[in-house]
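Thanks for coming. I will go through one model, starting with its rings and ending with one of its helices.

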Amino acid sequence: MRQLSIEEGMEMFDALVEAYDEPQRHYHTASHINACLAELDRHRSLAEYPAEVEAALWFHDFVYKPHASDNEKRSAEAAQRYFSKAALARERIDRIDAHIMATEHKAEATNSDSALVVDIDLSILGRDESTYARFEQQVRAEYRWVPMFVYRRKRIEVLRSFLKRPHIYSHVAFRNGFETQARRNLAHAIAQLEGHQV
């Protein structure tokens, strides 16, 4: 990989800053990326290719349009454009692409580094109750255009899909740190969405 010029590096950084500062974002902001990068710092030893994991975390929500269903695909394409310009090896770009696409959370990650990106992205589920409650409020704000009765039904489906997994987290370190609290948070959120007193 050739070294990015200062101008190219600033172009990439400015694009990232601009993307994560878009007005429709309430959770998927630079604060989310900062939290992800901090989590990577704590678990960097789990990564086979730490720089690629970091690159994927920077770009995994680069495109975030609440009305769209292809945000991860478009984010991965943006990463490909920037890293191709930097002449990054094709196999490395492909791995970064796979990591970003894994954050669709539609299927189990196919390799350990993709699983690490997913675990980091989902670490919010296992935070303390107040942090998780704020996360739910921020997600709702991003989908405020959706009628509440529709939002409740779709959100419950998403949250239950995580609860149905044998494990929410792939890496043991994340299971030990987040699994129990994540399941508690998810169950509480579902009950609230269903209108139950908990």
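There are eleven aromatic pairs in this structure. Rings of Phe, Tyr and Trp (its six-membered ring) pair if their centres lie within 6.5 Å; planes under 30 degrees apart count as stacked, over 60 as edge-to-face and the rest as tilted. One of the pairs is Phe13 with Trp58, with ring centres 6.4 Å apart and planes at 70°, so it is edge-to-face. Phe13 sits in helix H1 and Trp58 in helix H3 (residues 50-59), so this pair ties together parts 45 residues apart in sequence. Helices here are DSSP runs (H or I, at least four residues), numbered from the N terminus.

Before I go on, the ground rules. This is a predicted model, in which local features need pLDDT of at least 70 and side-chain atom pairs count only at pLDDT 80 or more, while totals for chains, interfaces and linings use all residues. Residues are numbered from 1 along each chain as its sequence is written, and side-chain values use heavy atoms, with hydrogens and water left out.

A second pair is Phe59 with Tyr82, which is tilted: 5.8 Å centre to centre, with 40° between the planes. Phe59 belongs to helix H3 and Tyr82 to helix H4 (residues 71-85), so the pair ties together parts 23 residues apart in sequence. Both Phe59 and Tyr82 are buried. Ring pairs also link these two with Phe62 and Phe83 into a cluster.

Back to Phe13. Together with Met10 and Val17, Phe13 makes a nonpolar surface patch of about 270 Å². Val17 is found in helix H1 (residues 6-20), and at 42% relative accessibility Val17 counts as partly exposed. For a nonpolar patch, side chains of Val, Leu, Ile, Met, Phe, Trp or Tyr are joined within 5 Å, given over 30% relative accessible area and no salt bridge (a Lys or Arg side-chain nitrogen within 4 Å of an Asp or Glu carboxyl oxygen).

Last, helix H2 (residues 30-42). Its 13 residues reach 19 Å from first C-alpha to last, close to the 18 Å expected at 1.5 Å a residue, where the expected span is 1.5 Å times one less than the number of residues. Which residues of H2 are buried? They are His32, Ile33, Cys36, Leu37, Glu39 and Leu40. Seen down the axis, the buried residues of H2 fall within an arc of 160°, so they line one face of the helix; the arc is taken over directions from the helix axis to the C-beta atoms. The face of H2 turned away from that side carries the exposed Ser31, Asp41 and Arg42.

Technical notes:
Patches are made of residues with over 30% relative accessible area and no salt bridge: like charges are joined within 9 Å, nonpolar side chains (Val, Leu, Ile, Met, Phe, Trp, Tyr) within 5 Å. Accessible areas come from the Shrake-Rupley method with a 1.4 Å probe; for residues, only the protein chains shown count as cover. Helices (H or I, at least four residues) and strands (E, at least two) are DSSP runs, numbered from the N terminus. Buried means under 20% relative accessible area, exposed over 50%, partly exposed in between (1.4 Å probe, protein chains only).
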